[in-house]
Amino acid sequence: MAKPATKPKDDPSPAKAKSPPNLGDNSVSPDELKAHYRDMLLIRRFEERAGQLYGMGLIGGFCHLYIGQEAVVVGMQANVRDKDAVITSYRDHGHMLACGMDPKGVMAELTGRSGGYSKGKGGSMHMFSREKSFYGGHGIVGAQVPIGTGLAFAHKYNGDQNVSLTYFGDGSANQGQVYEAMNMAALWKLPVVYIIENNRYGMGTSVERASATTELYRHGEAFGIPGERVDGMDVLAVRAAGEKAIEHARSGQGPYILEMQTYRYRGHSMSDPAKYRTKEEVDKFRNERDPIEHIRKRLLDAKIIDEAGLKAIDTEIRKIVNDAAEFSQQSPEPDPSELWTDILVEA
Amino acid sequence: MSIQVLMPALSPTMTEGKLAKWHVKVGDEVKSGQVICEIETDKATMEVEAVDEGTVAKLLVDEGTEGVAVNTPICVLAGEGESAADAETPTPAAKAEASKETPKSEEKPKAEAAPAAPSVAAPASEPEWKGGTQHMTVREALREAMAAEMRADGSVFLMGEEVAQYQGAYKVSQGLLDEFGAKRVIDTPITEHGFAGLGVGAAFGGLKPIVEFMTFNFAMQAIDQIINSAAKTHYMSGGQMTCPIVFRGPNGAASRVAAQHSQCYASWYAHVPGLRVLAPWSAADAKGLLRAAIRDPNPVIFLENEILYGQSFDVPEDPDFVLPIGKAKIERAGKDITIVAFSIMVGKALQAAEELAKIGIDAEVINLRSLRPFDTETIVASVKKTNRLVSCEEGWAFAGIGAELSALMMEHAFDWLDAPVKRVTGLDVPLPYAANLEKMALPQSSHIVEAARAVCNR
């Protein structure tokens, strides 16, 4: 257990690609690869637009963008079944889109409108969709980890073979309740996969300055939970690791930890100038490790798609995001009567 | 179509900033995500990235300009297939227009007044329970309530420290493991924060957990999950998520266990919208309210009392016996003064009423049963009759239940009060260990007698 995932550093030569194209060691079809590209691009463009609307004063409060980390959630979600539970922190827009939630409803929640997923009462950090088995959107660092473990508990209790994908960041990884939850998950063999999105900084504090041991995938070793470190900038590496981890949980072997090595391009939240890292560091990731660019190149190299095809995807995404932005501004603010609704369920 | 780039707000409070530096010039091709300029706020200098693609047609604000208001157009991009010259005269772009449609705060005539809180219909009164009664301890009543609900609903389960194999630290759950098995009666590790959160997740996932805290003192470890996750999520999700969970266990002082194990948390939890808070006194309260709590679709805080566990009361034998949440009970009718109490203080208030009767003061004793919702109506009706009120609680006075009760009476019964409300509470000290000091610090029936006499000028 607890071995770093071995993955080839270099992509196989695409020149020899026949039909089906050689996509390396992962069993992924050309259509799936295109879908991953599209899904990541949707998150990227959605987040850029969210940043713009924030700049225009249409989105208030805290707004944490997922730009740079798209491969993590898209790769993981490629493996889920319909009723698998998904839960994450406040950096949640990408997860919602990857769960198939409507971009209009997500954007309208960001603008605090009645058409938002929480009718405008939750905002960026607090959105849910029972229909899509997305359980939030949690604003307290680490709180989603016991809750996600409880969702796994419910799945085991009901014997429905579903699992819980519980996402959290490197910052959460030092929270006490995370270890309390891991202990119970291992003790009771709960079907939960813990996905640590290690983007290197918990707000402005680097992992090295916050964690005594920085191999976060090993943080379940005390409880006997296997873990793997995964290249979180490569959607196919994520997908392959996720497949294995989810199978482990689903088959009754208990929890699994995946440490996704990823990077956020923007600040922690909109008001973070990110002075704790160098411009060179950010540029290096953007220019050399971008998850979307990586797949774009792969698609072209393997001749799965041409420039015109990419352009068509781009146009489709722009329309979705434009429609979402438009909806989020046209949807009315919640009716004042909503102030007093949803406090308690009336029995 | 040309696109106007607007001066962005870079923090929740920013209204203007300095355009410190342009990273692009007229004629440059701009891609999504490319840094186009730097903006200086009072807090920091931040880079602004382009969202749209296009060619820079015009820079509308010079580098170094200070005090540029948020949403001022700063640059024009020519769109695809459009020359920079075409875009020279900026037409108001769709996005800029859209932003104008959103009323800015200064354009709003006045802050919108919040609508009044809806009046909450008083719960139905407790029905008359036909048939016989059975004498049982509070402990047995709690156990019977859990067993009855677990028999009726397979999604109800009990978890907590020592609830299963040990048969309960205070033997409340004795026998439940035998009847329901280890799947539904679950011993947890000593990790309140973790298992409270796990319970919340199970409730989000459709189960109905009963989470036992060995005492509510330990629930302080878990209070973030109780309040931020259990109580607020229904509202924050616009009503999508529900959290049907009961957090139960002994609350308040036991006997000589000192400050860390003796606190009353009634006012802490009663403060929070989104929670129901119940505090039974008798075995009938315990059974009827706990059954109601388990059936309720909301998070419920169920505050028991260790000293009461062994006390016996009559409980209706009716298999459907359950009590309404939110309804206080008049335990003793009287005409001279109203004494309001909850949990263990109800017994002390009834003792005090007997003492007061000997000196000709006829006290009405109200058992609150529910602290949230709070049955103001029953208390006001009583005060209209007696014109005098004493509030009793074991917890501290400051910001306590009695403080809230006093404020409610000012709002709803001011004209009927013939004397100020008096509070009988625990003293404002961490509870001491020494037997004599502990006794001094906790409210006794003698204190209630004194308070009532003072309020009645007798």
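Modeller: Two strands are said to pair if DSSP finds at least two bridges between them, where helices (H or I, at least four residues) and strands (E, at least two) are DSSP runs numbered from the N terminus. This is a predicted model, in which local features need pLDDT of at least 70 and side-chain atom pairs count only at pLDDT 80 or more, while totals for chains, interfaces and linings use all residues. Residues are numbered from 1 along each chain as its sequence is written, and chains are lettered from A and ligands numbered from 1 in the order in which they are written.

Biologist: How many bridges join strand 3 of chain A to strand 7 of chain A?

Modeller: Strand 3 covers residues 192–198 of chain A and runs parallel to strand 7 of chain A. Within this pairing, V193(A) has Y256(A) as its bridge partner. The number of bridges that join strand 3 to strand 7 of chain A is six.

Biologist: Which helix makes a β-α-β unit with strand 6 and strand 7 of chain A?

Modeller: Strand 6 (residues 227–231) and strand 7 of chain A pair in the parallel sense over five bridges, with I257(A) in strand 7 as the bridge partner of G227(A). The unit is right-handed (with the strands pointing away from the viewer, the path from the first strand over the helix to the second runs clockwise), and its helix, residues 235–250 of chain A, is helix 8.

Biologist: How many residues of strand 7 of chain A are buried?

Modeller: A residue is buried if 20 or more other C-beta atoms, placed from the backbone, lie within 10 Å of its own, exposed if 12 or fewer, and partly exposed in between. In a regular strand the side chains alternate between the two faces of the sheet. Here Y256(A), L258(A) and M260(A) are buried on one side of strand 7 of chain A, and I257(A), E259(A) and Q261(A) on the other. Strand 7 of chain A is therefore largely enclosed by the rest of the structure, the buried residues numbering six of the six.

Biologist: Which helix of chain A gives the most to the side of chain A that touches chain B?

Modeller: Counting two residues as in contact if their C-beta atoms, placed from the backbone, lie within 7 Å, the contact takes 53 residues from chain A and 56 residues from chain B. Helix 1 (30–55), helix 5 (144–158) and helix 6 (176–187) of chain A each supply at least two residues of the chain A side. The one that gives the most, with 10 residues, is helix 5.

Biologist: Which strands stand at the edges of the seven-strand open sheet of chain B?

Modeller: The sheet has mixed pairing and the order 11-10-12-13-15-14-20. Each edge strand has a single partner strand, so one side of each is left without a neighbour in the sheet. In chain B, these edges are strand 11 (185–187) and strand 20 (370–372).

Biologist: What distance separates the C-alpha atoms of G64(B) and A20(B)?

Modeller: G64(B) lies in the loop between strand 6 (54–59) and strand 7 (68–69) of chain B, and G64(B) is exposed, with 11 other C-beta atoms within 10 Å. Although G64(B) and A20(B) are 44 residues apart along the chain, their C-alpha atoms are separated by 4.9 Å.
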